[in-house]
Amino acid sequence: TNRLGFREREFDATPAPSISRICMVGDSLLFGQGLPVEARLSHLLEAQLNEREPRFEILNFGTKGANLPEHVAALQGSVLPVRPDLVLLQWFVNDADAAGAAYPSLPRLLPRGADRFLTRHSAIWSLAGITLERIALCLRLRESYWSFTRSLLEDEDGPAAIAARECLEAFVEVCRDEDVALGVILFPDLGVDLGEGYPLGFLMDRTLAQCRELGVPCLDLRAAYREVPREQWGAMQLNRLDSHPSAAANALAAKCVHDWLLPLLEQAGQSRVFPP
């Protein structure tokens, strides 16, 4: 990690005059769970934008386990002080739970300290935990995360949904108060079928609509991932036990973001300007 605590190279607080600085804020998907730095979305996107000439610098402020309240804090405390021209928010379904209603965990088999140590140092212990989770779900001893989240957020007028809308509005307002452009990238969960039965698609639809209301450019990656042939779908996930985006999934996302972002930058007339 760098001096700010993020998985990113060291950089000057003030960007070079000839470079447009883009800061990306998000969770473990942006952080690059299980991936080398060069396989992450931010790294790939920077390389694609700079194919003709070095005009852009993309900094990764991804934090594992973070959601919208933490993203707002990172924006205010770490991102805006380094003077970005553009902020890109990587959104995932956990961001819709801005109120912090934690999904209930299974009882610990060992005291907290021992469990934390083994989780960090033992792959076998981690696999045992995943297996226990799956058994509990199969035996219906606990509610699935999707069912829990749907019951929490399905009501648009419920307190959790209202908190999510307000938190995204706060993120947008912080950027606008500092005259910093903003775009949002919506990531689906690659561990489930993204067809019509995608269990939390309504949260993405709701966020898309809110971005339109707020006048914020927004990219929905569902369509791109739906086009992946079924026989190649396994390659989109980190591995069979972890549905975080793989290197191939990050490469697909980078191409989509590049194709979405470049016309917006060119439409503005100058690389350092982004539509408000």
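This is a predicted model: local features need pLDDT of at least 70, side-chain atom pairs count only at pLDDT 80 or more; totals for chains, interfaces and linings use all residues.
Residues are numbered from 1 along each chain as its sequence is written, and side-chain values use heavy atoms, leaving out hydrogens and water.

**Salt bridges**
- Side chains of opposite charge can pair when their charged atoms come close.
- Arg-3 and Glu-10 meet through their side chains at 2.9 Å, N to O, and Glu-10 is partly exposed at 48% relative accessibility (buried means under 20% relative accessible area, exposed over 50%, partly exposed in between, with a 1.4 Å probe and protein chains only).
- Asp-115 and Arg-108 form a salt bridge of 2.7 Å, N to O; Asp-115 is buried at 14%, whereas Arg-108 is partly exposed at 45%.
- Arg-222 pairs with Asp-220 at 2.7 Å, N to O, and Arg-222 counts as buried, with 7% relative accessibility.

**Aromatic pairs**
- The whole structure holds 5 aromatic pairs (rings of Phe, Tyr and Trp, using its six-membered ring, pair if their centres lie within 6.5 Å; planes under 30 degrees apart count as stacked, over 60 as edge-to-face and the rest as tilted).
- Phe-11 and Phe-61 make an edge-to-face pair, 6.3 Å centre to centre with 70 degrees between the planes.
- This pair links distant parts of the chain, 50 residues apart: Phe-11 sits in the segment before strand 1 (20-26) and Phe-61 in strand 2 (residues 56-62).
- Phe-11 and Phe-61 are both buried.
- Tyr-103 and Tyr-145 have ring centres 5.5 Å apart and planes at 80 degrees, so they too are edge-to-face.
- Tyr-103 is partly exposed at 22%, and Tyr-145 is partly exposed at 26%.
- Tyr-103, Tyr-145, Trp-146 and Phe-148 form one aromatic cluster.

**A charged patch**
- Lys-64, Arg-112, Arg-116 and Arg-120 gather in a patch of positive charge on the surface (patches are made of residues with over 30% relative accessible area and no salt bridge, with like charges joined within 9 Å and nonpolar side chains (Val, Leu, Ile, Met, Phe, Trp, Tyr) within 5 Å).
- Arg-120 belongs to helix 4 (residues 112-121) and is exposed, with a relative accessible area of 68%; helices (H or I, at least four residues) and strands (E, at least two) are DSSP runs, numbered from the N terminus.

How values were computed: Accessible areas come from the Shrake-Rupley method with a 1.4 Å probe; for residues, only the protein chains shown count as cover. A salt bridge is a side-chain nitrogen of Lys or Arg within 4 Å of a carboxyl oxygen of Asp or Glu. Lys and Arg count as positive and Asp and Glu as negative; His and the chain ends are not counted. The place of a charge is taken as NZ of Lys, CZ of Arg, CG of Asp or CD of Glu.
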